[in-house]
Amino acid sequence: MKIVLGIKWVPNTQAVRFDPKTGTLIREGVPSIVNPHDLDATEFALQLKDKFGGRITAVSMAPPAAIMGLQHVIGMGVDDGILASDRAFAGADTLATSYVLAKVIEKIGGVDLVVFGQETIDSSTAHIGAQVASWLKLPYVYYVEKLVNYDEKKKEIAFLRKLEDREEVYRIKLPAVISVAMHSQKPRPVRMSYKIMAKLENPIQIWTNKEMGLDPRCIGLKGSPTIVGGITWTPEVPRKKEVFQGDPKEAVKWLIDKLKEEGVIPF
Amino acid sequence: MSFDPSARKKKKVDCGKLCPEWECRQPGEFEGIWVIGEIEDGQIHEASLQMLTPARNIAEKLQTWIEGVLIGGDKEALEKAAKEVIYHGADKVRIIYHPDLKVYSADQYALVLSEEAKRVKPEVIFVAATLRGREFGPYIANTLRAGITADCTNFDVDMKTGDVVMIRPPFGAIMLAHIKTPTRRPQMGTARPNVFPIPERDESRTGEITWIELESIPQRRAFLEEVTIIPQTELPIEKADYLVSGGRGVATKELWSLLEELAKEMGAVVAGSRKAVDMGFIPHEKQVGQTGKTVKPKLYIAVGISGAAQHTFGIREAGIVVAINKDPEAPIFKASDYGIVGDAKEVLPLLIEEIKKLK
Ligand SMILES: Cc1cc2nc3c(=O)[nH]c(=O)nc-3n(C[C@H](O)[C@H](O)[C@H](O)COP(=O)(O)OP(=O)(O)OC[C@H]3O[C@@H](n4cnc5c(N)ncnc54)[C@H](O)[C@@H]3O)c2cc1C
Ligand SMILES: Nc1ncnc2c1ncn2[C@@H]1O[C@H](COP(=O)(O)O)[C@@H](O)[C@H]1O
């Protein structure tokens with residue numbers, strides 16, 4: 001099975017601290033990581049490869065530093081990586097990002113399955129999977145948790161996916177796009193030996209727009225229909241903001257009295 | 001300032017500047033607001049009805065109409081849903097019907113809806129960001145080469161240009177980004193369930209229902225083979241009146257079980273912050289906040305939660321908010337009614353004891 005895996009290199013929002021004075025998150029010095037939900041996707045793709053053989057190519061559109069993200073998933077067992085990186089790609093919204101990714105996948109050629117994470121921790125749009133599917137005119141299923149069946153002859157694969165109150169089994173014709181449900185897998189650790197190989201054999205290619213040859217009107221800012229027009233502040237919800245600081249016993253009594261006054265004791 | 005509808009026609013797009021993969025269309029050709037109605041188990045989804053709230057607001061500002069758009073293969077369910085959509089505020093409803101559309105399939109539904117949108121040319125499309133909406137919505141946007149903004153928390157109109165302003169918190173801030181798509185129509189936006197209320201139901205409302213009976217539809221390539229409904233053992237957090245919510249500050253086995261005990265004693269449902277989800281203490285459907293759920297309990301008790309804007313966004317509709325946190329500087333105290341500065345390890349057992357006494 002020829003698999004493409006989409007990963008994003010994101011600031012580690014876990015390590016981002018909140019600045020109560022300015023109300024913003026402190027991003028300086030925050031290390032970047034592979035989007036954690038993409039590790040679920042990586043694990044899922046690796047399991048397919050373990051079972052059916054084939055090749056996994058990780059792709060990312062990002063500045064050069066994201067090469068570390070590709071090295072990370074290669075360390076987990078992914079075969080090689082392609083980083084689409086060019087100043088001309090900068091400022092892309094999800095339409096323009098998905099365009100470049102779709103063109104990368106086209107250029108790779110012969111891909112059976114494209115695997116994405118459910119969403120990124122920094123933007124959480126969950127757009128990219130569906131948008132890449134749309135550019136490539138492929139069927140797709142989101143929130144995949146498990147493989148149910150793969151029929152190599154018929155080129156069909158069946159997955160179990162979960163919505164809030166139901167599990168669904170989808171059979172889908174290949175080539176197809178899926179997104180893997182976040183928290184659904186236990187991503188395997190990086191193996192040092194793989195990582196060293198990754199550095200020695202250098203299986204990561206960087207494709208700039210020289211290699212890609214995309215129309216500048218379709219990429220980056222120009223290829224993005226959405227623009228950020230301004231910034232405002234979230235209106236604060238009026239709250240009483242009464243705070244008790246002191247003996248915990250007293251504090252709890254104080255709180256119970258307040259809740260009684262408000263009539264929000266459940267019994 | 002009010003919007004001058006003739007401004008629509010004044011907008012001109014230079015086709016030579018557009019990506020050749022985008023069909024060049026003048027914004028002036030587009031009018032009306034679509035609200036896509038999701039039908040689940042024969043019923044219109046509440047989250048779709050909620051989208052009629054911002055749609056009404058935008059329709060008034062743009063002096064235009066709201067059209068509910070339904071797709072499916074079950075005439076009875078479609079007819080029933082269409083009435084609900086009108087009772088809740090749509091001016092009219094468009095029903096796209098084909099017997100083979102009985103079962104949802106993301107790309108097929110999205111392609112059918114995109115084709116209809118190309119023909120009808122609405123200037124705005126709203127989709128509820130349910131799990132299915134998050135799946136088919138971006139495919140429609142992409143097929144139309146339209147801009148789409150996910151998880152908006154509000155919508156507005158730029159009165160000069162008539163552009164819809166999609167308002168959403170960007171990465172890591174209390175700030176709100178105002179996102180527009182000045183040169184492309186339709187303009188698409190989604191909002192998570194419960195961010196907006198369902199408009200009042202009024203059975204006296206009427207509206208035209210247009211049936212589009214398709215002769216052929218794109219081939220289905222993803223087939224739903226099996227559905228297993230998971231029985232729900234407790235109320236979903238968005239329906240609960242009492243929530244006890246935990247964050248990283250209680251993300252240890254010992255403290256979390258105290259949190260659960262408190263919830264049990266109170267008859268409350270347990271929820272949590274994104275960190276509680278990331279650390280495996282609760283599933284994502286119990287996450288409160290911008291990328292989780294908006295909840296409206298009578299009482300929300302946040303324990304060991306710092307109060308990041310992405311979290312408190314989810315509790316702005318809550319009745320009384322209580323915070324227990326050992327850091328007196330934690331922003332959660334500014335977003336709550338009653339706060340206790342203290343260690344959950346000490347405060348929770350005492351609170352459980354007091355609650356027991358009350359019963
Ligand atoms: C795009 C985006 C979307 C997001 N969406 C959401 C969302 O929907 N929901 C959400 O919750 N977050 C969301 N986040 C994450 C959010 O920014 C915060 O990182 C998160 O809410 C913090 O979780 P927390 O309060 O549990 O943890 P922390 O911020 O680590 O806070 C832990 C708190 O516990 C207190 N504490 C520690 N020990 C104790 C103790 N023993 N007793 C009492 N108090 C103690 C500490 O003082 C601290 O205030 C999002 C972030 C991004 C970037
Ligand atoms: N720049 C990117 N390069 C490669 N894959 C991406 C990129 N951005 C997002 N993805 C993939 O698309 C998924 C959904 O991302 P998002 O739409 O940003 O929430 C992620 O989990 C990744 O698998």
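These entries cover a domain interface and then the cavities.

**Entry 1: domains of chain B.** I am working from a predicted model. I looked up the division of chain B and found domain 1 (15–213) and domain 2 (237–358). Their centres, taken over C-alpha atoms, are 34 Å apart.

**Entry 2: the interface.** I checked contacts next. Ten residues of domain 1 of chain B touch eleven residues of domain 2 of chain B. I noted a buried area of about 890 Å² between these two domains, with 47% of that area from carbon and sulfur atoms.

**Entry 3: polar links.** I searched this interface for salt bridges and got zero. I did get two residue pairs in polar contact. On the domain 1 side, I sorted the touching residues into five nonpolar, three polar and two charged.

**Entry 4: cavities.** I searched the whole structure and found three cavities of 30 Å³ or more. Which residues line the largest cavity? From chain A I listed His37(A), Glu119(A), Ile121(A), Met182(A) and His183(A). From chain B I listed Arg274(B), Asp278(B), His284(B), Gln287(B) and Thr291(B). By class, this lining has two nonpolar, five polar and three charged residues.

**Entry 5: the next cavity.** The second largest cavity has a volume of about 40 Å³. I noted its lining residues, among them Thr125(A), His127(A), Arg134(B) and Thr190(B).

How values were computed
Residues numbered from 1 in each chain as written. Chains lettered and ligands numbered in written order. Predicted model: local features only at pLDDT ≥ 70, side-chain atom pairs only at ≥ 80, totals over all residues. Heavy atoms only, no water. Domains from an automatic or database assignment. Contact = heavy atoms within 4.5 Å. Buried area = accessible area lost by both parts, 1.4 Å probe. Salt bridge = Lys/Arg side-chain N within 4 Å of Asp/Glu carboxyl O. Polar contact = N/O pair within 3.5 Å; in protein donor to acceptor, adjacent residues only side chain to side chain. Nonpolar A, V, L, I, M, F, W, Y, C, P; charged D, E, K, R; others polar. 1 Å grid on protein atoms, 1.4 Å probe; cavity = no way out; pocket = protein on both sides within 12 Å on 5 of 7 lines; lining within 4 Å. Points joined across faces, edges and corners; volume = space filled by probe spheres on them.
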